[in-house]
Amino acid sequence: MDFCSEVSTAARLSDGALVLVDAVEGVHIQTHAVLRQAWIEKLTPCLVLNKIDRLISELRLSPMEAYNRLLRIIHEVNGIVSAYRSEKYLSDVDSMLSVAQSGDAGEENYELLEDDEEDTFQPQKGNVVFACALDGWGFGISDFAEMYVSKLGASSAALQRALWGPRYYIAKTKMIVGKKAIVNTSKARPMFVQLILEPIWSVYQATLEGDRGLLEKVIKSFNLSVPPRELQNKDPKAVLQSVMSRWLPLSDTMLSMVVKCIPDPATAQSLRLARLLPRRETFENGEMSDVLAEAELVRKSVEACDSSTLAPCVAFVSKMFAVPTKMLPRGEILNNPTDDGDSGECFLAFARIFSGVLFAGQRVFVLSALYDPVKVESNQKHVQTANLQSLYLMMGQGLKPVPYAKAGNIVAIRGLGQHILKSATLSSTLNSWPFSSMVFQVAPTLKVAIEPSDPADMGALMKGLRLLNRADPFVEVTVSARGEHVLAAAGEVHLERCVKDLKERFAKVALEVSPPLVSYKETIEGDITTNPLENLKLFFGGNSEYVEKTTQNGRCVVRVHVFKLPTPLTKLLDESSELLGDIIGGKSGQALKSLETSRGSIVEDENPIEALKKRMMDAIESEFSSSDTESEKLRTFWKDLFKRIWALGPRQVGPNILFTPDSGKSVEASVLIKGSPYVSDKLGFCNIDNNNNNGLNESSDETLLREEAESLESSVLSGFQVATSAGPLCDEPMWGLAFIVEAFVSPPPTDDNSSTTTATHHHHHPEQYGVFTGQVMTAVKEACRTAVLQRKPRLVEAMYFCELNTPTEYLGSMYAVLARRRARVLKEEMQEGSPLFTVHAYVPVAESFGFPDELRRWTSGAASALLVLSHWETLLEDPFFVPRTEEEIEEHGDGSSMLQNTSRKLIDAVRRRKGLPVEEKVVQHATKQRTLARKV
């Protein structure tokens with residue numbers, strides 16, 4: 001997972017993918033991740049089962065056992081792809097049904113649905129290779145089919161179909177039959193075992209046991225040219241490698257599979273077009289018809305992979321990579337200065353040409369992902385002009401300069417270092433849509449603060465961080481609120497490489513790296529009740545407990561109610577933060593659809609807003625499994641609540657909701673700050689009614705007070721945003737909380753003899769306690785934080801899903817390591833046909849640093865672990881636990897000698913790092929000093 005970004009950047013420029021699966025360990029989390037990436041990018045996948053030699057030499061499997069194992073792995077991988085396909089199929093059916101319900105859809109539309117249940121990976125189709133990359137040998141079914149054509153007297157195509165699956169060869173009759181024609185099925189061996197695996201097993205056996213006769217027989221029967229000097233080598237592994245690599249050369253097998261199974265660029269681009277350039281529907285406008293016509297022409301050129309010089313030139317840069325200047329071809333070093341002054345690094349763009357011809361020295365437009373050819377006037381910041389200095393073909397580590405490159409080629413481009421940060425679309429015309437953004441499997445979660453050992457080197461560090469940010473597509477460089485330079489990486493290995501590059505290539509200064517910065521969230525304990533509906537009505541009716549704060553000038557009273565949102569709804573809001581940001585930001589439906597496509601969901605929603613509304617209601621229903629009547633009431637209640645969403649927080653898109661207060665409430669001589677269901681309106685739950693008739697029978701004072709209350713709405717919102725971005729426990733963001741803020745504004749105090757005019761103008765004079773809007777914001781913030789503290793606050797930590805593989809004898813050591821890391825084991829199972837155990841567990845991110853190294857140390861390198869960010873989980877421990885009941889006092893005493901629980905330790909560690917006050921004893925063990933010497 002540390003270098004999954006390299007997979008993502010390569011996938012965008014490729015037409016196919018080779019999915020590598022270990023024949024010993026089988027399907028892993030990473031297999032799921034890369035198959036998902038290939039599916040999203042619409043690549044044609046081929047399967048490579050590696051380490052076949054370990055089935056023979058380590059696991060000592062018989063050919064039949066090995067066949068069953070390989071059969072199971074291929075079936076498992078096909079199951080993963082089938083799940084993606086069926087998910088898309090069901091989505092297509094749903095969209096067809098919704099169209100049919102609206103009226104004009106005929107039966108012919110259902111024929112367009114792809115209901116292909118054929119397995120993706122089938123050895124007889126040629127898209128599966130069995131290999132041992134270490135020894136350089138591998139084979140596909142077609143290799144052996146051609147070998148046996150003359151011996152068995154059958155056609156190559158017939159043998160290719162028969163060499164995989166339940167097909168048997170009867171030597172007496174020289175016939176290939178199915179399972180039903182076999183008399184003794186227990187002793188019968190499929191053709192794959194009999195004609196492919198058994199010869200390979202016999203070669204291994206002969207070589208490792210030193211049987212030269214059998215080895216020479218194999219060499220003679222397959223006409224292999226192995227030098228006698230290599231056969232006389234005393235190391236059996238070297239002999240094995242020389243024989244197998246000549247008999248079944250891996251390079252030939254892989255190349256033939258790629259040529260046969262992966263489509264050519266023209267075919268592949270027509271298949272991938274919906275992913276690369278999703279169709280945008282725009283309103284017909286006479287002035288823009290030429291622009292849209294040219295954009296459509298560009299799209300068709302990309303679809304056809306048009307390589308003529310007249311076609312519009314379109315290329316996509318998936319990443320920038322740094323090359324030491326001295327690695328450039330000699331003429332290039334002399335002729336051109338480097339992109340980055342004296343850094344000694346030259347940045348090249350890793351790009352694929354999708355249409356037209358790209359020339360060295362050509363002038364192109366660099367389009368960012370937000371560019372829109374229709375909105376010319378607002379696009380200045382999303383488009384740049386650049387001249388391409390040089391084009392190179394990347395031949396291994398070497399760079400070969402070329403004058404031009406046609407569509408379908410992958411090239412390195414020099415001259416874009418100052419124009420592109422991570423990725424961009426290159427186009428010869430401004431009237432082109434940019435390619436959709438790339439999708440990364442995970443987000444960078446490991447964060448460290450970084451600073452130079454010598455403060456004088458700060459300038460060099462900042463320059464180095466800028467170069468690193470450009471050179472690595474996945475790394476994130478930010479400046480925290482405390483002024484620290486924070487580096488975010490995918491994992492420990494990725495971080496180690498980034499720091500090494502900074503020290504040796506980009507900054508070239510000594511660095512101090514902090515311990516990892518772990519993110520937490522804050523929430524409250526959920527109400528475990530038998531009747532959730534009554535509990536909700538109590539809360540939203542305003543009869544629940546609340547916290548009250550008053551502004552310093554006494555003019556505004558703030559009451560805050562807090563409630564925990566259902567966990568599925570919280571997770572949905574958290575996962576949909578980008579989409580919510582676009583919806584609340586006011587993007588059009590078509591822009592949202594294209595953004596959804598770029599985010600890489602397997603199912604592409606036709607209407608993202610409607611899909612989000614449906615998922616929000618589904619999340620509510622999944623939480624409460626009660627009777628039909630109760631469920632319907634809950635659904636109706638939440639539907640009404642969703643019409644009252646004023647804001648989300650923090651940063652306008654977080655997993656916390658601010659609901660508008662009940663407008664029926666009032667306090668004597670005060671006006672309630674009502675707010676407006678702005679987010680509900682954007683999500684389509686309700687329409688904001690702008691016709692306010694409240695001021696018809698009001699006096700001028702009341703009207704002014706109501707207008708002032710409306711102007712203070714932004715202060716309430718700001719207070720909510722600040723409170724949710726920094727909770728009361730350790731200034732970490734809040735998670736999954738619903739707030740109702742009731743703010744009542746009263747008129748300013750006036751003297752009896754003062755006129756109305758004086759009173760009405762009172763609030764225009766400077767306040768004794770500061771600006772009134774700031775007082776309201778502070779009061780709301782403090783009330784929200786205090787309300788959370790009073791409702792049993794809890795810490796929420798991020799969890800990794802961990803998949804471990806270990807031999808049986810090291811299970812005890814592995815469990816000891818997991819126990820020290822506060823891991824929670826989900827399941828354990830033994831892999832069929834191997835001595836390995838597979839264990840699935842959840843490990844807290846805070847405890848994961850150094851986990852793989854410790855695991856390898858305690859298991860002598862026998863165990864391996866894969867970590868993937870899974871979810872957020874609430875720590876059930878109360879950080880402020882004090883024994884109160886008789887049982888608690890009996891167990892813990894008065895609490896003075898009780899050790900801090902895990903939750904409190906984590907909170908104190910974060911508070912120390914942020915410089916916040918921590919309650920702790922300065923003197924831990926106070927004893928009187930004694931001298932050991934005895935003076936007589």
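Where is Cys305 found? In this predicted model, Cys305 is found in the loop between helix 14 (289-304) and strand 7 (314-324).

Take a look at the phi angle of Cys305: the value is positive, near 55°, in a residue other than glycine.

## The loop between strands 24 and 25

Another loop worth a look sits between strand 24 (645-649) and strand 25 (656-659), and Pro650 is part of that loop. The peptide bond joining Gly649 and Pro650 is cis, with omega at about 0°.

Gln652 is placed in the loop between strand 24 and strand 25 too. Gln652 is not a glycine, yet its phi is positive, at about 70°. Buried or partly exposed: how does Gln652 count? At 45% relative accessibility, Gln652 counts as partly exposed.

Now for an open sheet: 4 strands in the order 1-2-3-4, with mixed pairing. Strand 1 (16-22) and strand 4 (137-139) are at the edges; each has a single partner strand, so one side of each has no neighbour in the sheet. On average, and with direction ignored, neighbouring strands of this sheet are turned by 25° against each other.

Strand 3 (residues 128-132) and strand 4 run antiparallel and are joined by 3 bridges. Across this pairing, Phe130 stands opposite Phe139 in strand 4. Helix 8 (residues 191-209) packs on the sheet and touches strand 3 and strand 4. The direction of helix 8 makes about 170° with that of strand 4.

How values were computed:
Residues are numbered from 1 along each chain as its sequence is written. This is a predicted model: local features need pLDDT of at least 70, side-chain atom pairs count only at pLDDT 80 or more; totals for chains, interfaces and linings use all residues. Side-chain values use heavy atoms; hydrogens and water are left out. Helices (H or I, at least four residues) and strands (E, at least two) are DSSP runs, numbered from the N terminus. Buried means under 20% relative accessible area, exposed over 50%, partly exposed in between (1.4 Å probe, protein chains only). Two strands pair if DSSP finds at least two bridges between them. Axes are lines fitted to C-alpha atoms, for helices over the stretch in contact, and angles run from 0 to 180 degrees between N-to-C directions. Contact means heavy atoms within 4.5 Å.
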